[in-house]
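Here is a friendly walk through the charged pairs and a couple of backbone angles in one structure. Have the coordinates open as you read.

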Amino acid sequence: MSATEAFLTPEEERDIVEAISQAEQNTSGEIRVHIENHTEKPPLERAQEVFHSLGMDKTAIRNGVLFYVGVSDHTFAIIGDEGIDKAVEIDFWDCTKDLVISHFKNKQFKDGLVAGILRAGERLQQYFPFQDDDANELSNEISKG
């Protein structure tokens, strides 16, 4: 079993996907989680690549959020598209990242991701409330590299 596969159990993955669905119920924002084993690139740079490769920069109002985890590298990054960055307070991503990392330090990977996803969803609801005609533009499934 690879480090990526061992990072979360199938049940934990389902809990994370459920958290994404729950977070997106109240916002037009789109949240994804990407887990990979290793990259030579800095985590933010790699997260940007993944963001684009997943088509997250193609949402109608540019309100996608990516939670990126490098398992073997012990790296983590959160990035949001330009629509979000223009709306949220400057320290929003750092505060959310700190919340996730506080769980990661205790090997509570699922709990950290769920807490971060729900926090992001709450904030996105303020700036990007759910609209009746909203479509789920991106898959809620965890992607793996």
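## A salt bridge between Lys 41 and Glu 49

Let us begin with Lys 41, which is partly exposed at 33% relative accessibility (buried means under 20% relative accessible area, exposed over 50% and partly exposed in between, using a 1.4 Å probe and protein chains only). Its salt-bridge partner is Glu 49, with 2.3 Å between the closest N and O atoms. Here a salt bridge means a side-chain nitrogen of Lys or Arg within 4 Å of a carboxyl oxygen of Asp or Glu. Glu 49 is partly exposed too, with a relative accessible area of 30%.

A word on the model: it is predicted, so local features need pLDDT of at least 70 and side-chain atom pairs count only at pLDDT 80 or more, while totals for chains, interfaces and linings use all residues. Residues are numbered from 1 along each chain as its sequence is written, and side-chain values use heavy atoms, leaving out hydrogens and water.

## Arg 62 and Asp 81

Which residue does Arg 62 pair with in a salt bridge? The partner is Asp 81, and the closest N and O atoms are 2.8 Å apart. Arg 62 sits in the loop between helix H3 (43-53) and strand E2 (64-70), and Asp 81 in the loop between strand E3 (75-80) and helix H4 (82-85), so the pair ties together parts 19 residues apart in sequence. Helices (H or I, at least four residues) and strands (E, at least two) are DSSP runs, numbered from the N terminus.

Elsewhere, salt bridges with shared partners connect Glu 36, Lys 41, Arg 46 and Glu 49 in one network.

How many salt bridges does the structure hold? There are 10. Among them is the one between Lys 144 and Glu 13, whose closest N and O atoms are 2.5 Å apart. This pair links distant parts of the chain, 131 residues apart: Lys 144 belongs to strand E4 (residues 143-144) and Glu 13 to helix H2 (residues 10-24). Lys 144 is partly exposed at 40%, while Glu 13 counts as buried at 19% relative accessibility.

## Positive phi angles

Most residues other than glycine have a negative phi. Arg 62, though not a glycine, has a positive phi of about 55 degrees.

Lys 107, also not a glycine, has a positive phi of about 60 degrees. Lys 107 lies in the loop between helix H5 (92-104) and helix H6 (109-127), and is exposed at 63% relative accessibility.
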